[in-house]
Amino acid sequence: MTTHKPAPDWYAPFAAYDKTAYFHNIHPVEWRAQLQSSSGGRLFHIKYYGELFNWEVKQEPRHLELHEKHYGKNFNGLITNTDEAPELIYAVDISTGEEILLFDGARQGHDNYFCNEWTPEQLNNRPITRTYTDAAGNSIFEIVLHAFFNIDYEDELDTFLNEDGELRLITGEKTDLAHLQRNGFDAFAIDAYTEQGEFVSIHSAELA
């Protein structure tokens with residue numbers, strides 16, 4: 001099974017596409033994959049730096065049903081930044097302990113490539129001390145990643161070139177069109193599934 005977009009570089013070694021249930025209704029601008037560790041493991045704990053963002057939902061059937069559809073019955077909040085620094089999220093293989101970066105709110109996506117500047121203190125002082133559990137107490141999940149590419153970098157290439165005609169990120173690092181088309185996503189999401197197959201949304205970021 002393939003998706004519409006090539007895998008972002010970081011996720012390519014950890015991407016699996018064979019579980020049909022996770023690949024319905026893929027958007028034309030979306031890349032999607034199930035996470036698989038180097039040893040083939042697909043069950044993970046989620047460790048992170050950040051806070052859980054929650055909000056009040058109207059206690060009416062229509063609102064509750066819509067919220068459950070988009071975020072899951074056991075939604076416990078989206079992992080987001082703190083007042084001090086951007087979020088940092090890892091998956092940990094429950095069998096081998098291998099840690100795989102799921103999302104770095106300071107380094108990944110369009111805005112971090114071209115807009116956001118972070119201090120060394122913000123980048124380096126993000127201890128991964130929290131473990132995610134859903135509202136039912138589950139902490140072991142299969143993981144599905146979603147990256148969205150609404151920016152047509154080829155069509156808008158001129159707007160990203162500097163005065164020397166070069167493609168450079170805000171860090172000064174030189175890049176190219178193909179790299180942006182794989183890695184310059186403008187939205188990202190992480191969904192988790194319990195061993196019973198119950199879905200919960202754990203992260204969603206707008207990056208442009």
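Reader: How many aromatic pairs does a search of the whole structure find?

Author: The search finds 16 aromatic pairs. Rings of Phe, Tyr and Trp (its six-membered ring) pair if their centres lie within 6.5 Å. The model is predicted, so local features need pLDDT of at least 70 and side-chain atom pairs count only at pLDDT 80 or more, while totals for chains, interfaces and linings use all residues. Residues are numbered from 1 along each chain as its sequence is written, and side-chain values use heavy atoms, with hydrogens and water left out.

Reader: Why is the pair of Tyr153 and Phe160 called tilted?

Author: Planes under 30 degrees apart count as stacked, over 60 as edge-to-face and the rest as tilted. The planes of Tyr153 and Phe160 stand at 50°, with ring centres 5.2 Å apart, so the pair is tilted.

Reader: What makes Tyr153 buried, and what does Phe160 count as?

Author: Buried means under 20% relative accessible area, exposed over 50%, and partly exposed in between (1.4 Å probe, protein chains only). Tyr153 has 2% and is therefore buried. Phe160, at 13% relative accessibility, also counts as buried.

Reader: How do you know that Asn25 is exposed?

Author: Its relative accessible area is 76%, so Asn25 is exposed. Asn25 sits in the loop between strand E1 (15-16) and strand E2 (30-35). Strands (E, at least two residues) and helices (H or I, at least four) are DSSP runs, numbered from the N terminus. Phi of Asn25 is near 55°, a positive value in a residue other than glycine. Most residues other than glycine have a negative phi.

Reader: Why do strand E7 and strand E8 stand at the edges?

Author: The order of the open sheet of four strands is E7-E6-E3-E8, with antiparallel pairing. E7 (99-104) and E8 (130-131) each have a single partner strand, so one side of each is left without a neighbour in the sheet. Two strands pair if DSSP finds at least two bridges between them. Strand E3 (residues 44-49) and strand E6 (residues 88-93) have six bridges, in the antiparallel sense. Ile46 stands opposite Ala91 in E6.

Reader: Which element gives the most to the lining of the largest pocket?

Author: E11 does, with six residues. A pocket is an open set of points on a 1 Å grid over the protein atoms alone, with protein on both sides within 12 Å along at least five of seven lines; lining residues have an atom within 4 Å of a point. The largest pocket is lined by 18 residues, and His70, Phe148, Ala189, Asp191 and Ser204 lie nearest its centre.

Technical notes
On a 1 Å grid over the protein atoms alone, a cavity is a set of points where a 1.4 Å probe fits but cannot get out, and a pocket is an open set with protein on both sides within 12 Å along at least five of seven lines; lining residues have an atom within 4 Å of a point.
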